[in-house]
Amino acid sequence: MTSVAEETNGNYRVDNISSLFNALAEDDTIQEMRNPSPSSTGLTPLTQQQVEARLGDSILKRIAWSLPASALQKPWLLSLGGENSSDKTAKTTGSYYQYHRQLKSREKIRKAMQYARSHGGAVVVMIIDDGKHYSEPVNERSIKDIKGLIVRHRWQIAPYLRTGSQTFDLDDIDHYEILTIDKDIQSKLSFEGKSTNRNDRLIHKSRILRFDGSLMPDDWMLSRNNGWGLSVFDEIWRYY
């Protein structure tokens with residue numbers, strides 16, 4: 001640990017983090033920070049309201065959101081062929097970039113990554129035109145278009161567990177359930193919300209891009225946290 005020494009009347013006073021803790025050793029809060037004890041009821045993740053309140057703190061917001069923002073400052077590159085690429089290849093790559101600009105792929109992925117870190121998980125729902133309902137697996141041979149991307153955080157959508165099912169592995173989840181119905185969901189998914197059919201609220205996992213925050217064991221996430229891991233705030237808040 002780096003120390004800063006200050007000379008005073010021939011003596012040296014060492015100022016560092018340890019001396020700060022020692023000076024405040026009688027403070028119960030500091031003692032708890034240095035020697036955190038597990039809760040008798042187990043780990044309790046922050047609520048949505050608590051997470052979003054912490055996003056109002058500029059430092060905490062930077063901790064959660066700055067990494068995705070930095071990681072996606074530049075777009076990804078598509079390279080086809082070698083130095084003697086044909087005009088057809090150039091046209092293909094140009095169309096590829098234009099397609100992603102129309103979908104706002106980079107912005108959507110950045111937003112999903114930010115939500116994953118701050119909220120503990122997020123998804124990008126791909127609106128795929130393959131002639132099938134969104135609750136059914138994607139038919140890759142029939143894909144005509146990707147019409148849009150919808151970003152939702154973990155309190156708006158969650159892995160769906162059928163009643164009575166004993167699922168302990170996220171890989172065994174087939175669907176995600178829409179928890180919050182809004183105009184964006186209604187228009188882009190053609191969701192009417194009037195049918196009693198459960199499938200109206202389910203999106204097949206093949207139409208989902210999942211982004212995780214701080215991962216926990218699958219069985220813990222499924223049984224304790226609605227199928228999601230932890231926010232970065234869950235990990236740092238008690239020390240902040």
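This is a predicted model: local features need pLDDT of at least 70, side-chain atom pairs count only at pLDDT 80 or more; totals for chains, interfaces and linings use all residues.
Local features need pLDDT of at least 70 and side-chain atom pairs count only at pLDDT 80 or more, while totals for chains, interfaces and linings use all residues. Residues are numbered from 1 along each chain as its sequence is written, and side-chain values use heavy atoms, with hydrogens and water left out.

Strand E3 (residues 121-129) is joined to E4 by eight bridges, and valine 123 stands opposite arginine 152 in E4.

Another open sheet, also antiparallel, runs in the order E5-E6-E7. Its edges are strand E5 (157-159) and strand E7 (202-204), each pairing on one side only. Three bridges link strand E6 (residues 175-178) with E7, where isoleucine 203 faces tyrosine 176.

Turning to the arginine, residue 54 belongs to helix H3 (residues 48-54), helices being DSSP runs of H or I of at least four residues. Arginine 54 is buried (under 20% relative accessible area, 1.4 Å probe, protein chains only). Its contacts (heavy atoms within 4.5 Å), not counting residues up to four places away in sequence, are Leu46, Leu60, Lys61, Phe233 and Trp237. A polar atom of the side chain of arginine 54 lies 2.9 Å from the backbone oxygen of glutamine 50.

Notes
Two strands pair if DSSP finds at least two bridges between them. Helices (H or I, at least four residues) and strands (E, at least two) are DSSP runs, numbered from the N terminus. Buried means under 20% relative accessible area, exposed over 50%, partly exposed in between (1.4 Å probe, protein chains only). Lys and Arg count as positive and Asp and Glu as negative; His and the chain ends are not counted. A salt bridge is a side-chain nitrogen of Lys or Arg within 4 Å of a carboxyl oxygen of Asp or Glu. A polar contact is a pair of N or O atoms within 3.5 Å; within protein, one must be able to donate a hydrogen and the other to accept it, and residues adjacent in sequence count only if both atoms are side-chain atoms.
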